[in-house]
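This briefing goes through one protein structure by topic. Keep the sequence and the 3D view open while reading.

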Amino acid sequence: MFGVDLPTIWFVIIAFLFAGYFLLEGFDFGVGMLLPLAGKDESRRAAMVRTIGPVWDGNEVWLITAGGALFAAFPAWYADMFSGYYLPLFLILAALIVRVVGLEWRSKVDTARWRSWCDAGIIIGSWAPPILWGVAMGNLIRGVPDNAGAVYPLFNLFGILGAAAFVTVFLVHGITFLRLKTAGALRNELARYVLAPTVAAVVLGGGWVVWMQLSYGKTWTWIATVVVLAGMIIAAVAARAQRDGIAFVATSAAVLAMSVAIFGSLFPRLWPGLDVYSAASSHYTLVILTWAAAIGAPAVMAYQGWTYWVFRKRVTAEPVAADAAY
């Protein structure tokens with residue numbers, strides 16, 4: 001099909017789904033990570049949560065779809081990942097559940113104590129997944145150790161730097177998203193949080209991507225490596241110039257480019273002793289999946305784009321007299 005074999009096409013589709021997940025959930029995680037820093041009072045915290053309120057659950061659908069596509073198109077890879085990465089993936093899912101509870105239940109009880117517990121869930125559920133995803137992706141690229149299920153072998157230098165890359169890049173992505181989606185004092189205050197995370201993202205995120213490129217990359221993935229570095233630098237310059245749209249586009253490009261670098265470096269090897277071709281489902285299964293994706297994916301993406309358009313207006317932090325009583 002189109003001169004490219006179906007296993008390769010489906011590897012690209014899965015890479016696209018994970019890239020979409022990192023792009024959209026990346027700024028969700030960034031907002032949650034910023035909650036204890038920029039959320040100085042209830043009005044600011046509530047405004048920050050409202051920026052992602054209408055879209056965060058739709059963003060998580062990308063992960064569910066990626067997992068389903070992985071199971072259908074590459075069942076052997078799916079089986080190896082969910083056995084070898086059982087504990088890390090369980091911790092990611094547990095953190096996401098805690099975050100969901102915090103986001104969904106935050107407004108159910110009007111007391112400061114209740115909101116503080118929900119905020120803690122949002123913060124924990126926003127910090128843990130980027131750390132674990134960075135470690136997991138780093139070890140996928142370098143080669144998963146035999147005892148990966150024990151977690152601690154995954155925390156090697158390359159995996160730890162991967163975690164730092166995901167955290168810092170998502171943090172900057174969250175800042176640019178918040179500045180794009182907020183107005184007034186909150187947006188102005190966010191300017192003070194741009195420089196340090198951006199420098200960290202260039203050093204740690206850029207350093208990890210360069211290491212990945214030099215050790216595991218292909219010739220063409222140098223383009224993605226350059227885009228990651230350029231995106232972070234352009235975002236910092238644009239944010240200081242009050243060009244919120246350009247800053248957010250730049251961090252979005254950096255997140256997408258980092259995803260391209262990861263999956264480009266991974267291809268065609270998926271797991272020790274397993275590559276794209278040996279892990280793929282039968283040709284007939286892949287043909288059916290391809291038709292289903294061609295019909296369903298555009299409709300889903302159009303609906304999600306419409307959701308972002310409907311909720312495109314900026315959010316302001318309305319002043320409150322005092323927090324509700326404990």
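In this predicted model, Ile131 touches Ala163 and Val167, leaving out residues up to four places away in sequence. Ile131 belongs to helix α6.

- Ile131 is partly exposed, with a relative accessible area of 30%.
- From Ile131 to Thr168 the C-alpha distance is 9.9 Å, and the two residues are 37 apart in sequence.
- Leu89 is part of helix α5, which spans residues 86-105.
- Leu89 has a relative accessible area of 11%, and it counts as buried because this value is under 20%.
- Beyond four places in sequence, the residues that Leu89 touches are Met81, Phe82 and Trp133.
- Thr221 sits in helix α10 and is buried, with 0% relative accessibility.
- Apart from neighbours within four places in sequence, Thr221 contacts Gln213, Gly264 and Ser265.
- Between Thr221 and Asn59, which are 162 residues apart along the chain, the C-alpha separation is 26 Å.

**The largest nonpolar core**

- The largest nonpolar core holds 93 residues, and the members that touch the most others are Phe74, Trp77, Trp133 and Trp208.
- Helix α1 (residues 6-38) gives the largest share of this core, with 19 residues.
- Which residues does Phe74 touch, not counting those up to four places away in sequence? They are Pro7, Trp10, Phe11, Ile14, Ala69, Leu270, Val276, Ala279, Ala280 and Ser281.
- Trp133, one of the four core members named above, is also a contact of Leu89.

**Buried residues in two helices**

- In helix α2 (residues 42-52), 10 of the 11 residues are buried, so the helix is largely enclosed by the rest of the structure.
- The buried residues of α2 include the charged residues Glu42, Arg44 and Arg45.
- Also buried in α2 are Ser43, Ala46, Ala47, Met48, Val49, Thr51 and Ile52.
- In α4, the residues Trp77, Met81 and Gly84 are buried.
- These three residues lie on the same side of α4, because they cover an arc of only 85 degrees around the axis.

**Cavities**

- How many cavities of 30 Å³ or more does a search of the whole structure find? The search finds 2.
- The largest cavity has a volume of about 40 Å³.
- Its lining consists of Phe18, Trp77, Met81, Met137, Leu140, Phe263 and Leu266.
- Two or more lining residues come from each of α4 (75-84), α6 (112-142) and α11 (244-266).
- The lining of the largest cavity has 7 nonpolar residues, with no polar and no charged ones.
- Trp77 and Met81, which line this cavity, are among the buried residues of α4.

**The largest pocket**

- The largest pocket contains about 590 Å³ of space.
- Its lining is made up of 24 residues, and those nearest its centre are Leu17, Thr65, Ala297, Val300 and Met301.
- At least two lining residues each come from α1, α3 (56-73) and α13 (283-310).
- The largest share of the pocket lining is the 12 residues from α13.
- By class, the pocket lining has 17 nonpolar, 6 polar and 1 charged residues.

**Backbone features**

- Most residues other than glycine have a negative phi, and most peptide bonds are trans.
- Gln242 is not a glycine, yet its phi is positive, at about 65 degrees.
- Gln242 lies in the loop between α10 (221-240) and α11.
- Is Gln242 buried, partly exposed or exposed? Gln242 is partly exposed, with a relative accessible area of 41%.
- The peptide bond from Phe267 to Pro268 is cis, with omega near 0 degrees.
- Pro268 is located in the loop between α11 and β2 (269-271).

Note on methods:
Residues numbered from 1 in each chain as written. Predicted model: local features only at pLDDT ≥ 70, side-chain atom pairs only at ≥ 80, totals over all residues. Heavy atoms only, no water. 1 Å grid on protein atoms, 1.4 Å probe; cavity = no way out; pocket = protein on both sides within 12 Å on 5 of 7 lines; lining within 4 Å. Points joined across faces, edges and corners; volume = space filled by probe spheres on them. Helix = DSSP H or I, 4+ residues; strand = E, 2+ residues; numbered from the N terminus. Core = buried A, V, L, I, M, F, W, Y, C linked by side-chain atoms within 4.5 Å. Buried < 20%, exposed > 50% of the residue type's maximum accessible area, 1.4 Å probe, protein only. Contact = heavy atoms within 4.5 Å. Arc of directions from axis to C-beta.
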